[in-house]
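Please consult the sequence and the model while going through the points below.

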Amino acid sequence: MSTNMGYLRSSFVFFLLSFVTYTYATSFEVRNNCPYTVWAASTPIGGGQRLDQGQTWVINAPGGTKMARIWGRTNCNFDGAGRGSCETGDCGGVLQCTGWGKPPNTLAEYALNQFNNLDFWDISLVDGFNIPMTFAPTNPSGGKCHSIQCTANINGECPGELKVPGGCNNPCTTFGGQQYCCTQGPCGPTDWSRFFKQRCPDAYSYPQDDPTSTFTCPSDSTNYRVVFCP
């Protein structure tokens with residue numbers, strides 16, 4: 001009797017765990033198609049991973065994850081303990097990121113299972129640009145659930161005032177001030193943000209660029225793919 005009860009209890013627990021995993025885990029496949037190494041970063045889930053050309057990294061994020069971002073770091077050097085630095089996207093000199101990266105870095109941002117059981121996600125250039133990127137649901141379902149991209153030659157066309165080694169910086173980091181940083185109330189586009197928006201219409205170009213830059217997918221049926229240099 002006790003043996004059977006133990007078996008039934010174990011089976012029930014396994015069922016519950018399987019259900020929770022199925023219901024709440026969202027998969028993000030991060031792929032590097034660049035002809036150079038990218039040190040991918042992901043917070044608050046994932047940390048970091050070196051990706052040589054053609055390599056992929058899969059991150060499983062639980063439902064309810066928010067204020068999350070995936071980005072690529074370039075020209076990094078890390079020692080055996082995972083300490084070092086990157087030219088762009090550095091996160092405190094460690095391979096396994098726990099905080100956000102240092103601009104400039106092209107960002108894939110997401111919040112899972114939010115209002116109306118939707119995932120909210122975007123590509124953001126609010127921190128500037130370093131690597132071309134696509135961000136896409138792997139099983140799109142119409143509406144605002146479709147692939148988005150930022151693949152323009154922003155580094156090559158970057159205005160001199162924003163140009164830095166390895167990328168194109170954002171005006172807030174470069175100039176500061178409410179006009180560019182939008183920290184104390186409403187703000188609008190600037191000539192600098194329009195430079196980014198004209199080249200990547202899908203992407204956030206300044207902090208309050210929501211209407212044309214936020215995308216949604218059903219949270220119970222969607223996984224995603226982020227590709228560097230698509």
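Helices (H or I, at least four residues) and strands (E, at least two) are DSSP runs, numbered from the N terminus. On this basis, Asn105 belongs to the loop that connects strand 6 (84-88) with strand 7. The model is a predicted one. Its chain contains five helices and 14 strands, and buried residues account for 45% of its 230 residues.

**Overall contacts**

- Among the contacts in the chain with a separation of 6 or more, 61% are between residues 24 or more positions apart.

- Leaving aside residues up to four places away in sequence, Asn105 touches Trp71, Gly89, Ser124, Asp127, Gly128, Phe129 and Asn130.

- An open sheet is formed by five strands in the order 4-1-14-9-10, with mixed pairing.
- Strand 4 (56-62) and strand 10 (148-150) are the edge strands, each of which pairs on one side only.
- On average, neighbouring strands of this sheet are turned by 15 degrees against each other, direction ignored.
- Strands of a sheet pair through backbone hydrogen bonds, in either a parallel or an antiparallel sense.
- Strand 1 (residues 25-32) runs parallel to strand 14 (residues 224-228), and five bridges join the two.
- Within this pair, Phe28 is opposite Tyr224 of strand 14, while Val30 is opposite Val226 of strand 14.
- Strand 9 (residues 133-137) pairs with strand 14 in the antiparallel sense, again over five bridges.
- Thr134 has Val227 as its bridge partner in strand 14.
- Why is strand 14 described as largely enclosed by the rest of the structure? Four of its five residues are buried, so strand 14 is largely enclosed.

- Which residues of helix 5 (residues 191-199) are buried? They are Trp192, Ser193, Phe195, Phe196 and Lys197.
- The elements that cover the buried residues of helix 5 include helix 2 (154-157), strand 12 (167-168), helix 3 and helix 4.

**The largest pocket**

- The volume of the largest pocket is about 240 Å³.
- Its lining consists of Met67, Ala68, Arg69, Trp100, Glu109, Tyr110, Ala111, Phe120, Trp121, Asp122 and Thr214.
- Strand 5 (68-78), strand 7 (107-111) and strand 8 (118-124) each contribute at least two residues to the lining of the largest pocket.
- Divided by class, the lining of the largest pocket comprises seven nonpolar residues, one polar residue and three charged residues.

- The lining of the largest cavity is made up of 13 residues, of which Pro171, Tyr180, Ser205, Tyr206 and Pro207 lie nearest its centre.
- Helix 3 (171-175) and helix 4 (178-181) each provide at least two residues of the lining of the largest cavity.
- How many residues of each class line the largest cavity? Seven are nonpolar, six are polar and none is charged.

**Backbone geometry**

- Most residues other than glycine have a negative phi, and most peptide bonds are trans.
- Thr43 and Pro44 are joined by a cis peptide bond, with omega of about 0 degrees.
- Pro44 is located in the loop between strand 2 (38-43) and strand 3 (47-51).
- Asn75, a residue other than glycine, has a positive phi near 50 degrees, and Asn75 is part of strand 5.
- Cys229 likewise has a positive phi, near 55 degrees, and is found in the segment after strand 14.
- Cys229 counts as buried because its relative accessibility is 16%, against a cut-off of under 20%.

Note on methods:
Residues numbered from 1 in each chain as written. Predicted model: local features only at pLDDT ≥ 70, side-chain atom pairs only at ≥ 80, totals over all residues. Heavy atoms only, no water. 1 Å grid on protein atoms, 1.4 Å probe; cavity = no way out; pocket = protein on both sides within 12 Å on 5 of 7 lines; lining within 4 Å. Points joined across faces, edges and corners; volume = space filled by probe spheres on them. Nonpolar A, V, L, I, M, F, W, Y, C, P; charged D, E, K, R; others polar. Pairing = 2+ DSSP bridges. Axes fitted to C-alpha atoms, helices over the stretch in contact; angles between N-to-C directions. Buried < 20%, exposed > 50% of the residue type's maximum accessible area, 1.4 Å probe, protein only. Contact = heavy atoms within 4.5 Å.
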